[in-house]
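Please consider the backbone of the following model, with attention to its peptide bonds and phi angles.

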Amino acid sequence: MKNKFQQNNANEGSSHSSVARKIKRTSAFLSVLFISSLLFICFISPKINAGSLFENQNVNNKNDSLKHYRSFKPGEEWYDTDGKIINAHGGGMLYYNKTYYWFGETRGRSASQGVSVYSSKDLYNWKNEGLALAHDADSSSDITTGSIIERPKVIYNKNTNQFVMWFHLELKGKGYSAARAGVAVSNTPTGPYKFLKSFRPNGNMSRDMTLYVDDKGTAYQIYSSRENYDMRIVELTPDYLSPTTKDSLISSDHREAPAIFQHDKKYFLVTSACTGWAPNAANLYVSKSLFGNWQDTRNPMLGKDANMTFYAQSAYIFPVAGKKDAFIFMADKWNPKNLTDSRYIWLPVEFKNGEPNIEWKDEWDLNYFGKQ
Ligand code: DGJ
């Protein structure tokens with residue numbers, strides 16, 4: 001039989017071991033809690049956050065450059081669906097089979113690397129479809145590596161079922177003195193396009209240029225000529241492959257970067273001044289007919305840095321499919337130190353009493369159209 005002392009000791013012993021058991025259980029519980037919190041923070045919580053953000057804004061899916069866009073942010077870096085920066089400068093837009101195709105200059109830091117093409121159904125998210133037109137390794141080709149391809153534009157010819165690309169071409173080693181137009185064709189929108197020829201339309205110098213197809217399917221090239229002092233328009237042959245002799249002067253104001261559109265029976269032509277890669281003020285020519293009389297009216301830009309075209313230069317203006325009176329102005333914010341990183345300024349064209357304006361916006365989306 002245990003004495004009182006032994007009994008107390010025994011009781012104390014059992015109360016010690018029960019405290020020890022409680023401490024063990026608590027610390028096990030805390031460890032499990034700690035590990036599960038860690039697991040939650042590392043793996044589950046980011047997914048929940050991404051999921052709830054997804055509905056509202058541009059979202060990073062995997063890394064900083066893999067985004068799903070739901071708006072335009074003019075002048076910001078714009079990544080394709082592979083997470084690579086979009087490289088399509090001085091571009092143009094083709095809408096075919098419910099898909100938009102964005103063609104533009106592929107640029108290295110300064111080098112011309114051909115014509116890129118991206119596709120999109122929503123105008124925000126762009127898939128890189130590769131090089132539509134590559135420079136040719138053959139040194140006898142007009143588009144041999146080292147030549148300069150700028151401001152490519154593509155139109156579709158319903159009669160020949162061909163996609164026709166025109167661009168400004170400068171021959172290798174000749175600076176900007178060749179001043180030629182180049183033509184290439186493909187049976188598919190994304191190419192690869194086959195280079196056909198280069199020339200000066202009707203003997204005229206041809207630098208910055210765009211293409212336009214009217215309601216009847218007749219196509220035109222609008223081009224800077226005579227050392228950029230003249231802006232000209234020439235009607236193309238029915239196959240869109242050559243200029244006709246219907247070639248006339250729009251203005252002699254020393255302008256370049258033509259971007260044309262038609263609205264309410266009037267033609268509007270935005271151009272820039274000639275200051276190399278540096279920004280300047282845009283102007284707007286207006287005419288009831290493509291062959292004139294073109295009136296130089298005003299600078300159509302409004303808002304912050306409007307007198308510098310928002311530090312960009314016009315490239316193209318295109319209608320948004322399925323939306324009335326909806327046009328998007330595309331411009332390039334050139335970075336001559338690294339042309340790859342030249343940014344894109346896309347803004348909606350707004351109409352006031354039938355007159356177009358292009359006003360700066362930090363961010364906007366296609367719902368803008370219809371709210372005007
Ligand atoms: C201005 C033109 O608009 C651009 O396309 C490019 O040719 C630069 N000049 C080159 O300085």
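In which loop is Pro192 found? In this predicted model, Pro192 belongs to the loop between β9 (180–186) and β10 (194–199). The peptide bond that joins Gly191 to Pro192 is cis, with omega at about 10 degrees.

A cis peptide bond also joins Gly292 and Asn293, and here omega is about 15 degrees. Asn293 is placed in the loop between β17 (283–287) and β18 (295–298). These bonds deserve attention because most peptide bonds are trans.

The phi angles come next. Most residues other than glycine have a negative phi. Asn228, however, has a positive phi, near 75 degrees, and is a residue other than glycine. Its position is in the loop between β12 (219–225) and β13 (230–236). Is Asn228 buried or exposed? A residue is classed as buried if 20 or more other C-beta atoms lie within 10 Å of its own. Asn228 has 20 other C-beta atoms within 10 Å, and therefore it is buried.

His254 likewise has a positive phi in a residue other than glycine, with a value near 60 degrees. The loop that holds His254 runs between β14 (243–251) and β15 (255–263). His254 has 15 C-beta neighbours inside 10 Å, so His254 counts as partly exposed.

Note on methods
Residues are numbered from 1 along each chain as its sequence is written. This is a predicted model: local features need pLDDT of at least 70, side-chain atom pairs count only at pLDDT 80 or more; totals for chains, interfaces and linings use all residues. Helices (H or I, at least four residues) and strands (E, at least two) are DSSP runs, numbered from the N terminus. A residue is buried if 20 or more other C-beta atoms lie within 10 Å of its own, exposed if 12 or fewer, and partly exposed in between; C-beta atoms are placed from the backbone.
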